[in-house]
Amino acid sequence: MEKKIAVILGDGIGPEVTQQSIKVLNAIAHRFGHVFHYNYGIMGADAIDKTGNPLPDETIATCLDSDAILFGAIGHPKYDNDPTAKVRPEQGLLKLRKELQLFANIRPITTYHALHHLSPLKAKQLKGIDFVIFRELTGGIYFGKKELSEDQTRASDDCVYTKPEIERVAHLAFQYAQKRKKKLTLVDKANVLETSRLWRKVIQEIAAQYADVTVDYMFVDNAAMQIILNPAQFDVVLTENMFGDIISDEASVLSGSLGLLPSASVGNKTALFEPIHGSYPQAAGKDIANPLGSILSAAMMLDHFGLANEAHAVREAVSWTLSHGFVSKDVDPINNYATTAIGDLIADHIERHRDGGRRSSNASLNQSTII
Ligand code: IPM
Ligand code: MN
């Protein structure tokens with residue numbers, strides 16, 4: 001298979017973690033006989049420094065002309081600490097999500113037995129965790145009208161959702177639930193917010209089309225508690241943009257580190273794959289960041305291409321590093337390995353299993369996946 005992949009390294013640790021994914025993708029290409037072409041684009045603080053624009057038009061064109069986008073991270077402290085900045089790195093990512101209509105952000109929450117002892121939660125709570133957060137990504141308070149009064153003493157952010165915006169992400173989430181444990185939990189704040197009441201109404205309507213899926217409804221404050229108290233109860237969690245942003249960082253604690261979690265953002269155009277972590281500027285350039293969030297995002301990209309065996313080979317190699325203690329500093333502050341070393345180990349592991357592994361052409365079987 002031949003694929004064009006747009007690569008946006010971004011800010012902070014983005015470049016170093018994404019480079020490990022490219023190593024891993026090259027190992028996959030070599031082992032399974034594929035060709036991946038990488039086309040680089042810039043975005044974020046990096047792009048502001050170079051062009052004054054957090055998302056240059058050329059980057060959008062590169063993304064639209066590719067089969068998938070691999071993205072690192074975005075953000076820089078010089079903007080975080082300057083609330084008056086007119087141009088911000090994050091505007092680049094938000095604009096890209098909107099331009100490509102990446103309305104569904106899929107964030108699987110996986111735990112690894114080898115890391116249980118490092119989790120702040122007791123083993124009892126970690127049993128049976130396997131859920132996926134479907135976060136709506138192009139609506140809500142992130143994209144509503146923003147205002148600051150002239151005297152700068154009053155500000156507002158509108159939270160708006162339309163029925164079609166809710167329906168399109170909800171259908172994907174229901175279909176995903178059908179392939180899993182057939183349970184969908186809508187997380188909202190319907191006791192207070194009008195937008196949440198619209199979400200509930202639309203989900204109740206759609207639920208009738210998915211009779212095999214059990215639906216339950218949970219207020220976001222309760223969900224924040226349940227994710228820690230009884231995370232095994234969840235299968236597919238569907239929620240709006242801002243709640244999804246917050247609860248997915250919270251859920252990452254279950255895996256042991258925010259650095260482990262991948263995501264896929266899908267819509268009608270090119271899909272984007274990125275770790276859920278931020279740019280972690282304190283670690284940038286130090287070769288200490290966790291590359292697994294990015295590498296597992298690359299695995300989701302392979303699934304999206306219909307390459308299930310290849311995606312499995314990446315996940316298997318990742319589990320192998322974790323069970324052998326080849327982990328980065330965020331996972332184990334005492335015994336740890338460099339970002340590049342972990343990337344090399346995973347790429348080597350994939351290559352070494354070259355002969356033992358099955359050569360796949362599952363694309364020709366036309367295996368369809370949502371991501
Ligand atoms: C994420 C990030 C982004 C978001 C930021 C960088 C704009 O936190 O992808 O979760 O809030 O969506
Ligand atoms: Mn976030």
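Let's start at Asp235, which, leaving aside its neighbours within four places in sequence, is in contact with Asp130, Phe131, Val132, Ala177, Arg180, Lys181, Lys182 and Lys183. Keep in mind as you look around that this is a predicted model. Asp235 sits in the loop between α9 (220–229) and β10 (236–239). Is Asp235 buried or exposed? Its relative accessibility is 1%, and because buried means under 20%, Asp235 counts as buried.

Two packed helices are described by the angle between their axes and the distance between the axes. For α9 and helix α10 (residues 241–255), the angle is about 15 degrees and the axes are 9 Å apart. Angles under 35 degrees count as roughly parallel, so α9 is roughly parallel to α10. Their crossing is right-handed. On the α9 side, the residues that meet α10 are Val220, Ala224, Ile227 and Ile228, and their partners in α10 are Phe243, Ile247, Glu250, Ala251 and Leu254. What kinds of residues make up this contact of α9 with α10? They divide into 8 nonpolar, no polar and 1 charged.

The crossing of α12 and α13 is right-handed. Ala313, Val314, Glu316, Ala317, Val318, Trp320 and Thr321 in α12 come up against Leu345, Ile346, His349, Ile350 and Arg352 in α13. The residues of this contact comprise 8 nonpolar, 2 polar and 2 charged.

Gln152 lies in the loop between β6 (146–148) and β7 (155–157), and its phi is near 60 degrees, a positive value in a residue other than glycine. With a relative accessible area of 56%, Gln152 is exposed. Asp287 also has a phi near 60 degrees, positive in a residue other than glycine. You will find Asp287 in the loop between β12 (271–275) and α11 (292–304). At 25% relative accessibility, Asp287 counts as partly exposed.

Notes. Residues are numbered from 1 along each chain as its sequence is written. Chains are lettered from A and ligands numbered from 1 in the order in which they are written. This is a predicted model: local features need pLDDT of at least 70, side-chain atom pairs count only at pLDDT 80 or more; totals for chains, interfaces and linings use all residues. Side-chain values use heavy atoms; hydrogens and water are left out. Helices (H or I, at least four residues) and strands (E, at least two) are DSSP runs, numbered from the N terminus. Buried means under 20% relative accessible area, exposed over 50%, partly exposed in between (1.4 Å probe, protein chains only). Contact means heavy atoms within 4.5 Å. A crossing is left-handed if the near helix is turned anticlockwise from the far one by less than a right angle, and right-handed if clockwise. Ala, Val, Leu, Ile, Met, Phe, Trp, Tyr, Cys and Pro count as nonpolar, Asp, Glu, Lys and Arg as charged, and the others, Gly among them, as polar. Axes are lines fitted to C-alpha atoms, for helices over the stretch in contact, and angles run from 0 to 180 degrees between N-to-C directions. Angles under 35 degrees count as roughly parallel, over 145 as roughly antiparallel, 65 to 115 as roughly perpendicular and the rest as oblique.
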